[in-house]
Amino acid sequence: MPRTAYVNGRYVPHGHAQVGIEDRGYQFADGVYDVVPVVKGAFIDEDWHWERLERGLAELRIDQPVNRKTLSMIAHRIAQRNMIENGIVYVQVTRGEAPRDHKFPTKPVPPALVVTGRHLTMPDDFSQARMIDVITGPDLRWARPDIKSISLLPNVLAKQAAAEAGAYESWLVNANNEITEGSSANAWIVHRDPESGRVILRTHQSDQAILKGIVRTALVALAEKHQWAIEEQPFTVEELMSADEAFQSSSGNMIRPVRTVDGRTIGSGEPGPVVQEILNAFADYVSAQSG
Ligand code: PDD
């Protein structure tokens with residue numbers, strides 16, 4: 001089936017979709033994007049994705065190309081035209097096309113909007129997730145990764161380093177030897193409070209140092225419902241290595257338990273009981289939206 005993309009007001013064959021060579025996204029990575037998961041034809045937590053995109057645009061002072069209702073309509077149309085049962089819808093907005101000059105165009109230009117869709121193989125049951133191997137590496141990104149900017153070179157290099165090491169993901173380490181997040185996912189550990197013995201989930205706080213993932217947000221909400229204890233604070237590489245369990249969350253891959261970090265097995269090397277409980281609860285959460 002031929003794929004269809006949306007580019008600046010037109011639905012076009014994916015292979016012929018084009019933006020100009022002076023698009024500021026192409027020249028300066030001057031734009032933002034978002035990735036909305038589609039499960040059984042349903043968009044998961046759709047509004048949170050639009051909210052984050054709108055926030056990123058406001059931070060960068062890029063006008064919204066269309067209002068939220070219209071964006072949602074375009075995104076659903078792309079999912080339908082590409083017959084996406086399971087997959088993602090990708091939305092990218094750049095500051096538009098103008099003669100190359102670092103500062104914002106003096107003559108206003110319309111922001112450029114591209115929407116594409118892609119099939120992904122997803123598990124029938126989200127409670128059954130494959131484990132992943134992770135490596136660690138320096139967090140070389142700019143100081144505002146909370147903005148979902150299309151400037152992803154450090155993330156690209158980190159993911160490539162993982163692939164070359166035979167791993168799936170790189171978790172990024174800041175100057176304090178703490179994990180911020182993965183190259184394209186939020187990072188979590190499960191550990192026991194040494195005094196009370198209580199099980200605690202830990203993930204970096206949602207400040208300017210990480211992207212506030214939508215799956216992360218959903219898990220924080222689920223934690224409240226299930227009374228899981230959460231600490232939103234960083235963990236060090238040493239704390240990661242001695243954690244009982246570890247996992248990551250993202251819209252592309254939902255929740256993936258971590259088997260090894262830099263070749264060292266985390267916990268038992270199998271999905272641990274806490275991660276399994278989270279996977280079960282998350283599977284129900286997704287089913288409630290997708291049927
Ligand atoms: N990545 N952190 C980073 C750096 C990410 O790129 C992503 C998502 C996340 C998780 O966010 P969410 O739960 O909203 O997907 C965290 C997307 C999927 C990507 O770039 O393809």
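**View 1. Two domains with centres 27 Å apart.** In this predicted model, the C-alpha centres of domain 1 and domain 2 are separated by 27 Å. Domain 1 covers 4-119 of the protein chain, and domain 2 covers 132-290. Domain 1 brings 25 residues to the contact, and domain 2 brings 21 residues.

**View 2. The area buried between domain 1 and domain 2.** Together the two domains bury about 1,900 Å². Carbon and sulfur atoms account for 66% of that area. On the domain 1 side, the residues that lose the most area to domain 2 are Tyr33, Trp48 and Arg52. These three together make up 33% of what that side buries.

**View 3. Salt bridges and polar contacts across the two domains.** Two salt bridges are counted between domain 1 and domain 2. Seven residue pairs are in polar contact between the domains, with both residues at pLDDT 80 or more. The side of domain 1 that touches domain 2 draws at least two residues from each of strand E3 (31-39), strand E4 (42-43), helix H2 (46-60) and strand E5 (87-94). By residue class, that side holds twelve nonpolar, six polar and seven charged residues.

**View 4. The Glu59 and Arg144 salt bridge.** The side chains of Glu59 and Arg144 form a salt bridge. The N to O distance is 3.3 Å.

**View 5. Thr4 in strand E1.** Thr4 belongs to strand E1, which spans residues 4-7. Thr4 counts as buried because its relative accessibility is 14%, and buried means under 20%. Beyond its neighbours within four places in sequence, Thr4 touches Tyr11, Val12 and His14, along with Ile78, Arg81 and Asn82.

**View 6. Asp45, a residue with positive phi in a loop.** Asp45 sits in the loop between E4 and H2. Its phi is near 50°, a positive value in a residue other than glycine. The relative accessible area of Asp45 is 12%, so Asp45 is buried. Both E4 (42-43) and H2 (46-60) supply residues to the side of domain 1 that touches domain 2.

**View 7. Met254, a residue with positive phi in a strand.** Met254 is placed in strand E15, residues 254-261. Phi of Met254 is near 55°, again positive in a residue other than glycine. Relative accessibility is 4%, so Met254 counts as buried.

Key: Residues numbered from 1 in each chain as written. Predicted model: local features only at pLDDT ≥ 70, side-chain atom pairs only at ≥ 80, totals over all residues. Heavy atoms only, no water. Domains from an automatic or database assignment. Contact = heavy atoms within 4.5 Å. Buried area = accessible area lost by both parts, 1.4 Å probe. Salt bridge = Lys/Arg side-chain N within 4 Å of Asp/Glu carboxyl O. Polar contact = N/O pair within 3.5 Å; in protein donor to acceptor, adjacent residues only side chain to side chain. Helix = DSSP H or I, 4+ residues; strand = E, 2+ residues; numbered from the N terminus. Nonpolar A, V, L, I, M, F, W, Y, C, P; charged D, E, K, R; others polar. Buried < 20%, exposed > 50% of the residue type's maximum accessible area, 1.4 Å probe, protein only.
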